[in-house]
Amino acid sequence: MPREIIVVTAAYGNDRIQSAGGQRNLLAVIAAAGADGVEIRRELFTPQELDALPAFAHTLSLLGLFACYSAPEPLCSPDGKLNPLLPTLLSEAAQLNARWLKVSLGHFRNATALAPLKGWLAQHSVALVVENDQTDCGRLAPMSRFSAAVTEQALPIALTFDMANWLWVGDSAQDAARELAPLVRYIHVKAAVPHHYHYRAVALDEAPPSWRDLLRQLPADVPRGIEFPLESRDLVAVTRHYVNLLREE
């Protein structure tokens, strides 16, 4: 079965998305480039799009794309409890017919706090994936503790592995891949280079080749998401180039 490739709408940049009139108007570009799915970002919705999720889902269906839904929210709030917004986010993901909802880990403390998740997830046909973000909460130590809790409790939760975010938190992406790979069900393919005091994401053709070695440490049969800059006058062409690259790599 061919490897599934997802395009993250944020790869086109906020300005391009706004000038296009919203994420929905970039779906035809993503479909024409041969991608299988699209990662919809909640923070990039126009108010009209957020109020018309079933219509958004209909457009996805017509174009033959599946969706995943990303929200800039933590799984766990600063008090260590589950984010009370999660049921709303799962409902929105269901309206999009999304395969999964993606959130960051947040302030995870112990497995007890995860108890309500089974009930919340049972109400929707949407999976949950948790990503390593660019904060201390996304470091390898808390992600490892969370992964152990998920495995011990047999919770229906998996991980999104962002290949470059480990740079921002000062952890080894290779160490993270070795430890977290068994729970990874989605890969954010991203490369970054030093920029002032931090890093900036770059297109794969502009990055050191080490991203290939890291990708090979991760599961080969899970969807790969393009989350690096896609910049060109011909968006279909540049998107197709990287869709084909990641499908064959």
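## Cysteines

The sulfur of Cys76 lies 9.0 Å from the closest cysteine sulfur, that of Cys137, which is too far for a bond. A disulfide needs the two sulfur atoms within 2.5 Å. Cys137 is likewise in no disulfide, with the sulfur of Cys76 as its nearest cysteine sulfur. The structure, a predicted model, holds zero disulfides.

Cys76 is buried, at 0% relative accessibility. Cys137 also counts as buried, at 16%.

## A buried aspartate

Asp133 sits in the loop between strand S5 (127-131) and helix H7 (140-153). This residue is buried but has no salt bridge. The nearest side chain of opposite charge belongs to Lys102, 9.2 Å away. A salt bridge would need the charged atoms within 4 Å.

Leaving aside residues up to four places away in sequence, Asp133 touches Ser104, Gly138, Asn165 and Val169.

## Helix H7

Just after H7, Ala154 takes a positive phi of about 55°.

Which residues of H7 are buried? They are Leu140, Pro142, Met143, Ser144, Phe146, Ser147, Ala149 and Val150. An α-helix has 3.6 residues a turn, so residues three or four places apart point the same way.

The buried residues of H7 pack against strands S3 (66-76), S4 (100-106), S5 and S6 (157-162). They also pack against helices H8 (165-169) and H9 (173-180).

Notes: Residues are numbered from 1 along each chain as its sequence is written. This is a predicted model: local features need pLDDT of at least 70, side-chain atom pairs count only at pLDDT 80 or more; totals for chains, interfaces and linings use all residues. Side-chain values use heavy atoms; hydrogens and water are left out. Buried means under 20% relative accessible area, exposed over 50%, partly exposed in between (1.4 Å probe, protein chains only). Helices (H or I, at least four residues) and strands (E, at least two) are DSSP runs, numbered from the N terminus. Lys and Arg count as positive and Asp and Glu as negative; His and the chain ends are not counted. Contact means heavy atoms within 4.5 Å.
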